[in-house]
Amino acid sequence: KTEDQILFSYNLMSLQNDTIYTAEEIGPTSHVVDKQQLFPGLQNAVKLLKINEKATFIFPSLQAYGYQGDNKAIGPRTPLKSSVELHTIIIHKDSLN
């Protein structure tokens with residue numbers, strides 16, 4: 001839910017399964033749902049997972065890094081594939097009401 005904090009890991013690959021960033025390179029990611037910036041597709045994908053669940057998602061370029069890429073390894077207009085694993089959820093106190 002909005003404002004819950006989650007800990008997850010993910011990798012980024014091309015649609016041809018070429019690794020762009022490994023989960024180890026990115027590292028575990030802490031994120032406050034709907035409050036901190038992730039690329040749009042990933043922001044929505046993590047909401048679909050339960051704790052310890054892992055899924056693979058395909059993101060069209062506009063749901064990934066869009067027209068600019070990440071100015072490193074991801075080029076402009078690049079669709080991405082990602083395996084995402086949700087490790088834990090820290091429930092925000094207002095989510096309990």
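**Figure 1. G66 sits in the loop between β5 and β6.** Strands here are DSSP runs of E with at least two residues, helices are runs of H or I with at least four, and both are numbered from the N terminus. This is a predicted model, in which local features need pLDDT of at least 70, side-chain atom pairs count only at pLDDT 80 or more, and totals for chains, interfaces and linings use all residues. Residues are numbered from 1 along each chain as its sequence is written, and side-chain values use heavy atoms, with hydrogens and water left out. G66 has a relative accessible area of 11% and is therefore buried. Buried means under 20% relative accessible area, exposed over 50%, and partly exposed in between (1.4 Å probe, protein chains only). Leaving aside neighbours within four places in sequence, G66 is in contact with S61, P76, R77 and T78. Contact means heavy atoms within 4.5 Å. G66 and P40 lie 26 residues apart in sequence, and their C-alpha atoms are 9.8 Å apart in space.

**Figure 2. S61 is placed in the loop between β5 and β6.** S61 counts as buried because its relative accessibility is 17%. Residues up to four places away in sequence aside, S61 touches G66, R77, T78 and P79.

**Figure 3. Strand β6 (residues 80–90) runs antiparallel to β1 (residues 5–10).** Six bridges join β1 to β6. Two strands pair if DSSP finds at least two bridges between them. In this pairing, L7 stands opposite T88 of β6.

**Figure 4. Strand β5 (residues 54–59) is also joined to β6.** Six bridges link β5 and β6, and the two strands run antiparallel. Here A55 stands opposite V84 of β6.

Figure 5. Along the sequence, the pattern is β-β-β-α-β-α-β-β. The radius of gyration is 14 Å, close to the 13 Å that the globule rule gives for 97 residues, so the protein is as compact as a globular protein of that length. The radius is taken over C-alpha atoms, and the rule is 2.2 Å times the number of residues to the power 0.38. The C-alpha trace spans about 45 × 25 × 20 Å along its principal axes. Buried residues make up 39% of the 97 residues. Of the contacts between residues at least 6 apart in sequence, 61% join residues at least 24 apart.
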